[in-house]
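Student: Could we go through this structure together, starting with how its parts are arranged?

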Amino acid sequence: MVSLKKDGIILRKTTLDFESEGVLNPAVIQDNGKIHLLYRALARNNFSSIGYCILSDYKTPEIRLSNPVIIPEFEYEKHGVEDPRIVKIDHLFYLTYTSYDGVNALGALAVSKDLISWQKLGIIVPKIPYKKFKLLAESQGEIGEKYRRFNKLPHTHIKDKEVFLWDKNVIFFPRRINGKLYFLHRIRPDIQIVRIENIEDLNPDFWKDYFLHFKEHIVLSPKYEHEVSYIGGGCPPIETEHGWLLIYHGVHDTIEGYVYSACAALLDLDTPEKEISRLPYPLFKPDEEWEQKGEVNNVCFPTGAIVEGHTLHIYYGAADKRVAIASLSIPELLKELLQYTS
């Protein structure tokens, strides 16, 4: 087992309207000697925007803005901008988030040079109904039964609204690999991976071909008991000498509902489509009261991480209400992971 310290809650909701119901699932990045945290802020009626603060050290807020830096502006995100992740590639910050219009939850992208002014590039995952996805994806053989269970939603009551396959947890790798951009995304129950030259390549023809070869793009599938229901991306991958360290979330169903745990895996450095290893047990799970009770109970949802020396600090949403941190030794985690190579 990997030894791990839970540093506790570092950010709570305030009386400000935009974050009066909760703060959670932050994107985190180190830049110019500062730790920047962009978090999902929850207002009444489950409307989300993205707040911003700077930390003086890995767990102490120093500056916290009283207004969100990213708000819903367009029809595709009118009900919220949710669960951001961030990386810096080629001197540009890439912030991905889930856009929610009240029906569809789809991965979107915004870019910035300064972390304050953001240009929204819109939805970058496919807008495709489940039936079309199934038709294309099963051209090479039947896909898993869970794809039907989790994605074929009964939306017959929705009028004048196109209903698309939910595609969330879009997370870029923090640099180009062999000249190409890579990102993870999640159509339940698995984690899939995309490789492109440029963002402009993500057109309907690209996605049609992608789904015709869908099974080739599945990088991780549920394997162990703590992730048996479904999995999804967590923090942006962290480059190590042994591979890309991926902190993701695993979900399993219990009599008290779903339990979300933080999990760890290694992907190949040059071909991240290839899984090297993963832990057969959760890295950490909800066992503190503030992780077990909140807007959604029993949730540890990792979304950001920073490296300080040999220490990895993992930032996560606790019970969809608070932002917390867990810390561990990277060499110890890598040594443990390498015992479970596939």
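**A sheet, a helix and the cysteines**

Tutor: Happy to! This is a predicted model, where local features need pLDDT of at least 70, side-chain atom pairs count only at pLDDT 80 or more, and totals for chains, interfaces and linings use all residues. Residues are numbered from 1 along each chain as its sequence is written, and side-chain values use heavy atoms, leaving out hydrogens and water.

Student: At what angle does helix H3 run to E12?

Tutor: Helices (H or I, at least four residues) and strands (E, at least two) are DSSP runs numbered from the N terminus. Axes are lines fitted to C-alpha atoms, for helices over the stretch in contact (heavy atoms within 4.5 Å), and angles run from 0 to 180 degrees between N-to-C directions. H3 (residues 204-212) lies across E11 and strand E12 (191-196), and its angle to E12 is about 135°.

Student: What is the strand order in the open sheet?

Tutor: Strands pair if DSSP finds at least two bridges between them. The open sheet has 4 strands with antiparallel pairing, in the order E10-E11-E12-E13.

Student: Which strands stand at the edges?

Tutor: An edge strand here has a single partner, so one side of it is left without a neighbour in the sheet. That describes E10 (168-172) and E13 (218-220).

Student: How many disulfides does a search of the whole structure find?

Tutor: A disulfide is counted when two cysteine sulfur atoms lie within 2.5 Å. The sulfur of cysteine 53 is too far for a bond, because the closest cysteine sulfur, in cysteine 235, is 16 Å away. For cysteine 263, the closest is in cysteine 300, at 10 Å, also too far. The search finds 0.
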